[in-house]
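Biologist: Please take me through this model step by step, and let each answer show how it was reached.

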Amino acid sequence: MGMDSGIQIKVMNHRKGDNVVHPVRPGHATSASQPSTSSPLPDGRRRQHQQGQTYRQGQQVQGLIEKPFKKWVPWLVPGFVLANIVVFVITMFINDCPKNSVSCVAGFLGRFSFQPFKENPLLGPSSSTLEKMGALEVSKVVHGHQAWRLLACIWLHAGVFHILANMLSLVFIGIRLEQEFGFVRIGLLYLIAGFGGSLLSSLFIQTGISVGASGALFGLLGSMLSELITNWTIYVNKLAALLTLILIIVINLAVGILPHVDNFAHIGGFLSGFLLGFVFLIRPQFGYVSQKDVPPGYIVPSRKPKHKPYQYVLWVISLILLIVGYIVGLVLLLRGVNMNDHCSWCHYMSCVPTSLWSCKSQQVYCESSQLGNQLNLTCISNGKSNIYALSDENSSQVQQLCSKLCS
């Protein structure tokens, strides 16, 4: 899902007189009222010429010494992009369309050719190959104890169009966030939000398979909104930045109401990222001066606290909601709970039926015969058959296998 992240956000100038830093010399009183003049040095730094002047690298701010926010060199997000591409290439190699299908798209690519458009219009592998690679399939998570699929699925993509849209979004959003906050916080945010998207998807969409990094990407988008809120005091044009960001989020979530789009993964990733932003992306308020950044011979007569009270409150509330939400979600999932049974309207959040499309799943029927723990299924609509090993007979699991066989 493509996302536009081109939002310019400017930082407010420091208020005059906040945390004045005074030089201390024998026989001289400290003062912050003297005028300041400075001349630029070749390296862009300002030099003091008179008593009572202060400086900071790259920008002169009268009456304040403050270390500017560190700019990180992004490498993790490009690494994520490369990893997704490598996994997709490996998936296509394992898929080997010429060996498993009668006709393939772009046959000149050999075993890297794509499944027929009728089966996969996104130019990608078959659903059975995605399942082997770790696609999110609820029956395998619940009955097969394969919870690792909740994370593995965010590295898989259904086709060229799918991975292209997601990776462009990751570059536009992720690199900027990594430059501002570093690889550790953004890396954790990406993975945890992706897990949250998979978790919510599993509770509401329990047939078929789901793949894609969209949940993690919506987590990054949600974190941008919470970062703007928690660091509200350092921004100018606050309302314009907030409305622009909300518009982008609403548009991207609205696209999720189309059929065959897992909007629950988008919503789960967004909510997770929104809460994680309050935890990971908190910044010190302007006016705060760390003692280690004060040059020798200077004193800070008054110091502001590093963070405002509302930032601490949001941090605590968000962390509690995250922990409780993830624990409750995992318990419900592993117990095999279908949240659609408790929410009759929630399915509209993922697909809204219109005159142009239907959200109802096509009914599929299979003939089945079982010998011991071997279940033989044959799809009536396409004639495909397969043998599955089942430890115990479960009608829900059999229906899911039939749906996949007939897809």
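**Cysteines, sheet, helices and cores**

Biologist: Is cysteine 343 buried or exposed?

Modeller: This is a predicted model, and in it cysteine 343 has a relative accessible area of 12%. The cut-off for the buried class is under 20%, so with its 12% cysteine 343 counts as buried.

Biologist: Which cysteine forms a disulfide with cysteine 343?

Modeller: A disulfide here requires two cysteine sulfur atoms within 2.5 Å, and the sulfur of cysteine 343 has a partner 1.9 Å away. That partner is itself buried, with a relative accessible area of 7%, and the link between the two, with 80° about the S-S bond, is right-handed. The partner of cysteine 343 is cysteine 346.

Biologist: How many bridges join strand S3 and strand S4?

Modeller: S3 covers residues 366-371 and S4 covers residues 374-379, and the two pair in the antiparallel sense. Serine 368 has leucine 377 of S4 as its bridge partner, while serine 369 stands opposite asparagine 376 in S4. Counted over the whole pairing, the number of bridges is 6.

Biologist: Which residue in the turn between S3 and S4 has a positive phi?

Modeller: S3 and S4 form a hairpin, with 2 residues between the strands.

Biologist: How many of the residues of helix H8 are buried?

Modeller: H8 runs over residues 214-230, which makes 17 residues, and from its first C-alpha to its last it reaches 24 Å, close to the 24 Å expected at 1.5 Å a residue. This helix is mostly covered, and the number of its 17 residues that are buried is 16.

Biologist: How many residues does the largest nonpolar core have?

Modeller: In soluble globular proteins, nonpolar side chains tend to be buried together. In the largest core of this model, Leu220, Leu221 and Leu333 are among the residues that touch the most other members, and H8, H10 and helix H11 (309-334) are among the helices that each supply at least two residues. A second, separate core of 10 residues includes Leu377 and Cys402. The largest core, by comparison, has a residue count of 59.

Biologist: How far apart in space are leucine 156 and alanine 213, C-alpha to C-alpha?

Modeller: Leucine 156 lies in the loop between helix H5 (149-152) and H6, and at 2% relative accessibility it counts as buried. Beyond its neighbours within four places in sequence, leucine 156 has contacts that include Val87, Met133, Gly212 and Ala213. Leucine 156 and alanine 213 are 57 residues apart in sequence, while their distance in space, C-alpha to C-alpha, is 7.4 Å.

Biologist: In which helix is asparagine 263 found?

Modeller: Asparagine 263 counts as buried, at 3% relative accessibility. Leaving aside neighbours within four places in sequence, asparagine 263 is in contact with Leu253, Gly256, Ile257, Met349 and Ser350. The helix in which asparagine 263 is found covers residues 263-280, and its label is H10.

Biologist: What share of the contacts in the chain with a separation of 6 or more comes from residues 24 or more positions apart?

Modeller: The chain has 12 helices and 5 strands, and buried residues make up 44% of its 407 residues. Taking the contacts with a separation of 6 or more, the share that comes from residues 24 or more positions apart is 68%.

Technical notes
Residues numbered from 1 in each chain as written. Predicted model: local features only at pLDDT ≥ 70, side-chain atom pairs only at ≥ 80, totals over all residues. Heavy atoms only, no water. Helix = DSSP H or I, 4+ residues; strand = E, 2+ residues; numbered from the N terminus. Expected span 1.5 Å × (residues − 1). Buried < 20%, exposed > 50% of the residue type's maximum accessible area, 1.4 Å probe, protein only. Pairing = 2+ DSSP bridges. Contact = heavy atoms within 4.5 Å. Core = buried A, V, L, I, M, F, W, Y, C linked by side-chain atoms within 4.5 Å.
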